[in-house]
Amino acid sequence: MHKIITKKRKTNFLLPSGLRCLANLPTVNISAGCIHNCVYCYTKGYSIYPGDNIIEIYENMAQRITDEIKRKRKKPVAIYFCPSCDPFQPIPQIQQTTFDVMKSILESGIGVQFVTKGKINDIFFELFERYNSKMAGQIGLISNDDNILNIIEPGAAIAQERLDQLEKLVKIGVKMSVRCDPIIHNITDNDEQLEDLFLAVSKAGCKEVAVSFLFLRRAIVSSLKKNIADSKLLYKMLEPFSEGVNLSIGLKNSTGKMLPLEIRKASIERIKKIADNYGIKIHICGCKNSDITNESCYITRDIEIHQGSLFSY
């Protein structure tokens, strides 16, 4: 069971992100907390995280964001949904709020970019097709195996639902890619898992996949131990980190424990080789793998804008 709390908010909704891959766009969170309850979610360690299965929704978001945009001296090219939650959680109030906010933004001439592991309500597809030149999205999918997803991402959409809407979005002209993040070593990065995933992604008409690996913080480890009942599976997830390294993950003074460099390098080579068999280009997240690459994971697309103007009033 989940609990929804409606709150008033005095501060702005459109905010900058400290992540390099999001540095060019203002971002917005539709809620605090997320019903998908992904066990690896880094937001569980945030001071504003309301707790598992508690969702905070803010009043009058569409009008407030419209007013914020009107006050800007220069409009952003696009707005990104959502760095700390999912805009398409299976809650009618969230889906309607997301629709109202996105519609208002698109009608004002500003683009919308998003990432989701949720099931997108049918009302969005007509809107997205109408504004497809201003749209870009990523479908989060770490595996095509629902047995794994039910443990790791218990509240998110099943794999086939995500693949079906990926195909639909590609067909209506939305620029799409898949976000395979986090890859979980020894669980989702074996050859059979990768072959199955990339075959399904290719069949959906998508040819770009962004990749990164699970990283650990105290709150994430606590979440894994709390939510994964299978002790053998939990050990299989955590044991490779015994020789892990602490790396910046793209935020100021923010680090996470990553897999050893050798494991990530070897895994990346296998991933690229298998993906190439299906005509898929792999992008490695440089924010979380700075010891390997400075590449972008393409969480945002084709943004060329002077960063200093994004948040000026």
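The model is a predicted one. The strands include an open sheet of seven, with parallel pairing, and an open sheet of three, with mixed pairing. A search of the whole structure finds eight aromatic pairs, and five phenylalanines, Phe88, Phe99, Phe114, Phe124 and Phe128, form one aromatic cluster.

**Seven-stranded sheet**

- The strand order of this open sheet is E2-E5-E6-E7-E8-E9-E12, and the pairing is parallel.
- E2 and strand E12 (281–284) are the edge strands, each pairing on one side only.
- Thr27 has Tyr80 in E5 as its bridge partner.
- Further along the order, strand E8 (residues 175–183) pairs with E9 in the parallel sense over four bridges. Here Ile183 stands opposite Phe213 in E9.
- Strand E9 (residues 208–213) is mostly covered, with five of its six residues buried.

**Three-stranded sheet**

- E1, E4 and E3 form an open sheet in the order E1-E4-E3, with mixed pairing.
- Strand E1 (3–7) and strand E3 (31–32) each have a single partner strand and stand at the edges, so one side of each has no neighbour in the sheet.
- The pairing of E3 with E4 is antiparallel and runs over two bridges. Ser31 stands opposite Ile57 in E4.
- Strands of a sheet pair through backbone hydrogen bonds, in either the parallel or the antiparallel sense.

**Helix H1**

- Helix H1 spans residues 61–71, and its buried residues are Met61, Ile65, Thr66, Glu68 and Ile69.
- Those buried residues line one face of H1, because they fall within an arc of 160 degrees when seen down the axis.
- They pack against strand E2 (27–28), strand E4 (54–58), strand E5 (78–81) and helix H2 (92–107).

**Helix H7**

- In helix H7 (residues 218–227), the buried residues are Ile220, Ser223 and Leu224.
- They cover an arc of only 100 degrees around the axis, so they lie on the same side of H7.
- In an α-helix there are 3.6 residues a turn, so residues three or four places apart point the same way.
- On the other side of H7, Arg218, Lys225 and Lys226 are exposed.
- Helix H8 (231–238) is included in what covers the buried residues of H7.

**Aromatic contacts**

- A pair of aromatic rings is described by the distance of the centres and the angle of the planes.
- Among the eight aromatic pairs found in the whole structure, Phe114 and Phe128 form one that is stacked, at 5.7 Å centre to centre with 20 degrees between the planes.
- This pair links distant parts of the chain, 14 residues apart: Phe114 is in strand E6 (residues 111–116) and Phe128 in helix H3 (residues 123–130).
- Both partners are covered: Phe114 is buried at a relative accessible area of 1%, and Phe128 is buried at 0%.
- Phe114 and Phe128 belong to one aromatic cluster with Phe88, Phe99 and Phe124.

**Charges over rings**

- Arg9 lies over the face of Tyr58, at 5.2 Å from the ring centre.
- Lys168 lies over the face of Phe125, at 4.2 Å from the ring centre.

- Asn144 is in the loop between strand E7 (135–140) and helix H4 (146–152).
- The side chain of Asn144 makes a polar contact with the side chain of Asp196, at 3.4 Å.
- Apart from neighbours within four places in sequence, Asn144 is in contact with Ala159, Leu163, Gln193, Asp196, Leu197 and Ala200.
- Ala200 lies in helix H6 (residues 191–203) and is buried, with a relative accessible area of 13%.
- With neighbours within four places in sequence again left aside, Ala200 is in contact with Asn144 and Leu163.
- Ala200 and Tyr278 are 78 residues apart in sequence, and their C-alpha atoms are 9.6 Å apart in space.

Methods:
Residues numbered from 1 in each chain as written. Predicted model: local features only at pLDDT ≥ 70, side-chain atom pairs only at ≥ 80, totals over all residues. Heavy atoms only, no water. Buried < 20%, exposed > 50% of the residue type's maximum accessible area, 1.4 Å probe, protein only. Arc of directions from axis to C-beta. Contact = heavy atoms within 4.5 Å. Phe/Tyr/Trp six-rings, centres within 6.5 Å; stacked < 30°, edge-to-face > 60°. Lys NZ or Arg CZ within 6 Å of the ring centre and 35° of its normal. Polar contact = N/O pair within 3.5 Å; in protein donor to acceptor, adjacent residues only side chain to side chain. Pairing = 2+ DSSP bridges.
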